[in-house]
Every structure is written in C-alpha cells, then in structure tokens.
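The structure is shown first.

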Amino acid sequence: YRASIERNISSVSNKRSASDIFPEIEEENERLSALKLRLDAIRLATETINGASSALKSSITPRIRERAEENLATVTAGKYSELYIDDNMGLSIFADGATRPIDSLSKGSLDAAYFSVRLALLQTLLAEKDPPLYMDETLSQLDDNRAINAIKVLDKYSKHAQCVLFTCQCRDVEIAKEISSINLIEL
C-alpha cells in the first residue's frame with residue numbers, strides 16, 4: 001500500500017502545474033483563432049469566386065456559344081449550327097436530330113467545332129484587344145469545302161487582327177491565296 005502511495009506521489013510531483021501549462025494553452029488558443037480567421041477568409045473567397053464564376057458563365061457563355069455556332073455553321077455550310085456548352089465548358093452538338101457529345105463527330109467535324117469554339121473565345125473574351133491568332137495545321141483534317149469556309153472565317157477575323165496559319169498543305173495555301181491577300185512565308 002505504501003509503495004502505491006509513493007508511486008502516486010512521485011507521479012504527481014512529475015506532473016506540471018497549471019501555471020506552467022496555462023501559457024501553452026493560451027498560445028494554442030491564439031493559433032486556433034488565427035486558423036479560424038483564415039478558414040473564414042477562405043470560405044468568403046470561395047463564395048466570391050463561385051458567385052463570380054456563375055455570373056461569368058451566365059453572361060459570357062451564351063455569347064461564346066452564339067459566336068461558336070455562327071463560326072461552325074459557316075465552316076460546315078450549315079450542317080452543324082447548334083452547339084451546347086455545359087457548366088464545365090464541355091461541348092455537345094445537335095446532329096442528326098439528337099444532341100450528342102462532340103467526340104462522336106468525325107475528326108474533320110471535330111476539328112471544325114474546336115476551331116469554331118477557340119475563335120469564338122477570342123472573339124468574345126478578347127474582342128477589344130484583337131489578339132493575333134496562331135494556328136498549326138488547324139485545317140488539315142477538314143475537307144476542301146470546309147477548309148474554304150474556315151479560311152473565309154479567318155479572312156473576316158483578319159480584317160481586325162493578325163492570323164498566322166502554319167501548314168504543310170498546298171491546298172490551304174492555294175485556298176488562302178484565292179480568298180484573301182496573304183503574306184506567304186515558305187520555310
């Protein structure tokens with residue numbers, strides 16, 4: 001019994017007093033308060049970003065879609081004229097009486113759709129800046145008629161911004177020469 005009491009006394013004497021622990025508790029409480037403030041700031045920033053994203057999507061996405069549909073209808077001579085953009089900027093298209101994922105299109109139609117959307121993004125988001133448009137073999141998967149129509153769209157865009165088309169296709173060069181005055185640089 002005595003040994004038990006001595007062990008209890010020695011364990012109590014090894015314990016720290018409340019006055020020793022109190023500063024550490026206060027320090028941890030301050031750290032917790034700082035973390036709570038940081039969490040509140042992150043929540044507020046997230047809500048603000050989500051609100052701005054929703055507003056942007058509701059105001060800009062319809063304009064991007066409209067321009068992309070115009071471009072696509074021109075490039076495909078009206079075969080495809082309805083394009084849908086979901087909340088994650090995923091694309092689907094109305095074709096053959098049904099809405100389909102854009103990946104269900106042929107490679108040429110898929111390239112025409114992506115060309116139309118990329119150009120619509122420039123036309124909508126950066127319209128006031130008229131940024132140059134650089135393309136590398138963008139028309140290579142298109143048939144001749146779609147290549148002609150795409151170059152017509154590019155010719156219209158080039159009236160207010162520079163377009164640079166890298167191609168190894170003689171067809172693209174010949175079409176461009178017929179449609180527009182171009183500056184041809186052969187490498």
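The lining of the second largest pocket divides into six nonpolar, four polar and five charged residues. This is a predicted model, and the pocket holds about 290 Å³ of space. Its lining is made up of 15 residues, and those nearest the centre are R67, E70, N71, Q123 and K156.

The largest pocket has a volume of about 880 Å³. It is lined by 28 residues, with C163, V164, L165, N183 and L184 the closest to its centre. At least two lining residues come from each of α4 (144-157), β5 (163-166) and α5 (170-179). The biggest contribution is that of α5, which gives five residues. By class, the lining has 16 nonpolar, seven polar and five charged residues.

| Pocket | Volume | Lining classes |
|---|---|---|
| Largest pocket | about 880 Å³ | 16 nonpolar, seven polar, five charged residues |
| Second largest pocket | about 290 Å³ | six nonpolar, four polar, five charged residues |

Two packed helices are described by the angle between their axes and the distance between the axes.

For α4 and α5, the angle is about 50° and the axes are 10 Å apart. Because this angle lies between 35 and 65 degrees, α4 counts as oblique to α5. The crossing of these two helices, α4 and α5, is right-handed. On the α4 side, the contact is made by D144, A147, I148, I151, K152 and D155, which meet R171, D172, I175, A176 and I179 of α5. Sorted by class, this contact of α4 with α5 has six nonpolar and five charged residues, and no polar ones.

How do the axes of α3 and α4 cross, and within what distance do they come? They cross at roughly 5° and come within 12 Å. The angle is under 35 degrees, so α3 is roughly parallel to α4. From α3, the residues in contact are G108, S109, F115, L119, L122 and Q123, while α4 provides R146, A150, V153, L154 and Y157. The classes in the contact of α3 with α4 are seven nonpolar, three polar and one charged. Q123 of α3 is part of this contact, and Q123 is also among the residues nearest the centre of the second largest pocket.

Key:
Residues numbered from 1 in each chain as written. Predicted model: local features only at pLDDT ≥ 70, side-chain atom pairs only at ≥ 80, totals over all residues. Heavy atoms only, no water. 1 Å grid on protein atoms, 1.4 Å probe; cavity = no way out; pocket = protein on both sides within 12 Å on 5 of 7 lines; lining within 4 Å. Points joined across faces, edges and corners; volume = space filled by probe spheres on them. Helix = DSSP H or I, 4+ residues; strand = E, 2+ residues; numbered from the N terminus. Nonpolar A, V, L, I, M, F, W, Y, C, P; charged D, E, K, R; others polar. Axes fitted to C-alpha atoms, helices over the stretch in contact; angles between N-to-C directions. Parallel < 35°, antiparallel > 145°, perpendicular 65-115°, else oblique. Left-handed = near helix turned anticlockwise from the far one by under 90°. Contact = heavy atoms within 4.5 Å.
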